[in-house]
Amino acid sequence: MRDFYEQIVGLPEDDVGSAQRGAAQWLDYPGCVVVQGEFRADAEGPAIAAPGLFISVAFDEAGAGPGTLTRSIGERRMGVIAVRESLAVKRSMRCAIGLALPGASIDQLGLGAAFRALFKDEGSGAVVLSLAASARVRAVAAEMFSPPVAGNAARLLMSAHAAEIVVHALFGECSRIAVDPATDLQRMRLQSVKERMDADLGYPWSIDELARNAGLSRRSFNQKFQIAYGESAIDYLRARRLDTARALLIHQRLSVTEAAYRVGYTHPANFATAFRRRFGHSPSRCE
């Protein structure tokens, strides 16, 4: 694992002061440091920020400080600090999730031109931006702060989310990514509906109820769910129910009737027919 202070910040005379090394995690892709809580350099003296990109997504209001990397980041804002020439850092930058990319990582990602485009003034050594954080960006940051998985899966998820935030940070200022708040909210509602189905497969879900939960008409819900997840809501629900029932039969040794009931089938015969179509054999073979 690479060291945060070797890659991003060089502390004078190797004095780490009150810096918290354990708060930083290096991700080989996209080649960045992830910090949960804050970028903390040194509470007493200045540190030196190397050329690179610092991004923060905050869940609450952070304190401001002039002439440093400290920046007031509102609840729905994303702070972006681009450093072209080494910069003295006197304080910390609070955030829920912070990313720091050294210049070498930016070039390796092929984003050097986008990075340099942030500097409107050729003479400026650093640029500080405050961008609107879309619902998508905030959701991604929240999942990075508290990953739903662990181990290698968590690192893979963190890397994917970090790359997404970097792209939004680099291109958001130039409006090269058009974020439609209505579309973003709609995507989150679809995801919420999908998660509700997953959480209660035994409930007798109907398309009308699912559409209402998503704030859409029945037809629009069917179309948008198909586009988002590659299959209709009914097909998705059926597959999840049958896959779960199969796991219950094999691993928990439930009877066919009990497994069918657990996943929302009131008639075992209908369950057996659907099971045979999906897996090519009757559910009784799993008992």
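**View 1. Helix α5 and Ser-159.** Helices here are DSSP runs of H or I with at least four residues, numbered from the N terminus. One such run is α5, residues 151-172, and Ser-159 is found in it. The model is predicted. Is Ser-159 buried or exposed? Its relative accessibility is 13%, so Ser-159 counts as buried; the cut-off for buried is under 20%. Which residues does Ser-159 touch, leaving out those up to four places away in sequence? They are Leu-27, Tyr-29 and Pro-30.

**View 2. The whole protein.** Eleven helices and nine strands make up the count of elements in the protein. The protein has 287 residues, and 42% of them count as buried. Now take the contacts between residues at least 6 apart in sequence. Of these, 68% join residues at least 24 apart.

**View 3. Strand β5, covered on both faces.** β5 spans residues 52-57. Six of its six residues are buried. Gly-52, Phe-54 and Ser-56 sit on one side. Leu-53, Ile-55 and Val-57 sit on the other. Both faces are covered. Which strand is joined to β5 by six bridges? It is β6, and the two run antiparallel. Two residues of β5 show the pairing. Phe-54 stands opposite Ile-81 in β6. Ile-55 has Val-80 of β6 as its bridge partner.

**View 4. Strand β6, between two partners.** β6 covers residues 77-83. The strand is mostly covered, with six of its seven residues buried. β6 is joined to β5 by six bridges. Seven bridges join β6 to β9, residues 126-132. β6 and β9 also run antiparallel.

**View 5. The largest pocket.** Rolling a probe the size of a water molecule over the atoms shows where empty space is left. How much space lies in the largest pocket? The volume is about 340 Å³. Its lining is made of 13 residues. Arg-136, Ala-139, Met-188, Gln-191 and Glu-195 lie nearest the centre. Three helices each supply at least two lining residues: α4 (135-145), α6 (181-199) and α8 (218-229). Which helix gives the most? α6 does, with six residues. By class, the lining holds five nonpolar, three polar and five charged residues.

**View 6. Helix α7 and the residue just after it.** α7 runs through residues 207-214. Its buried residues are Ile-207, Glu-209, Leu-210, Ala-211 and Ala-214. Gly-215 comes just after the helix. What phi does Gly-215 take? The value is positive, about 70°.

**View 7. His-267, in a loop between helices.** The loop in view lies between α10 (256-262) and α11 (268-279), and His-267 is part of it. How does His-267 count by accessibility? At 49% relative accessibility, His-267 counts as partly exposed; exposed would need over 50%. Thr-257 is ten residues away from His-267 along the chain. Their C-alpha atoms are separated by 8.3 Å.

Conventions. Residues numbered from 1 in each chain as written. Predicted model: local features only at pLDDT ≥ 70, side-chain atom pairs only at ≥ 80, totals over all residues. Heavy atoms only, no water. 1 Å grid on protein atoms, 1.4 Å probe; cavity = no way out; pocket = protein on both sides within 12 Å on 5 of 7 lines; lining within 4 Å. Points joined across faces, edges and corners; volume = space filled by probe spheres on them. Nonpolar A, V, L, I, M, F, W, Y, C, P; charged D, E, K, R; others polar. Buried < 20%, exposed > 50% of the residue type's maximum accessible area, 1.4 Å probe, protein only. Contact = heavy atoms within 4.5 Å. Pairing = 2+ DSSP bridges.
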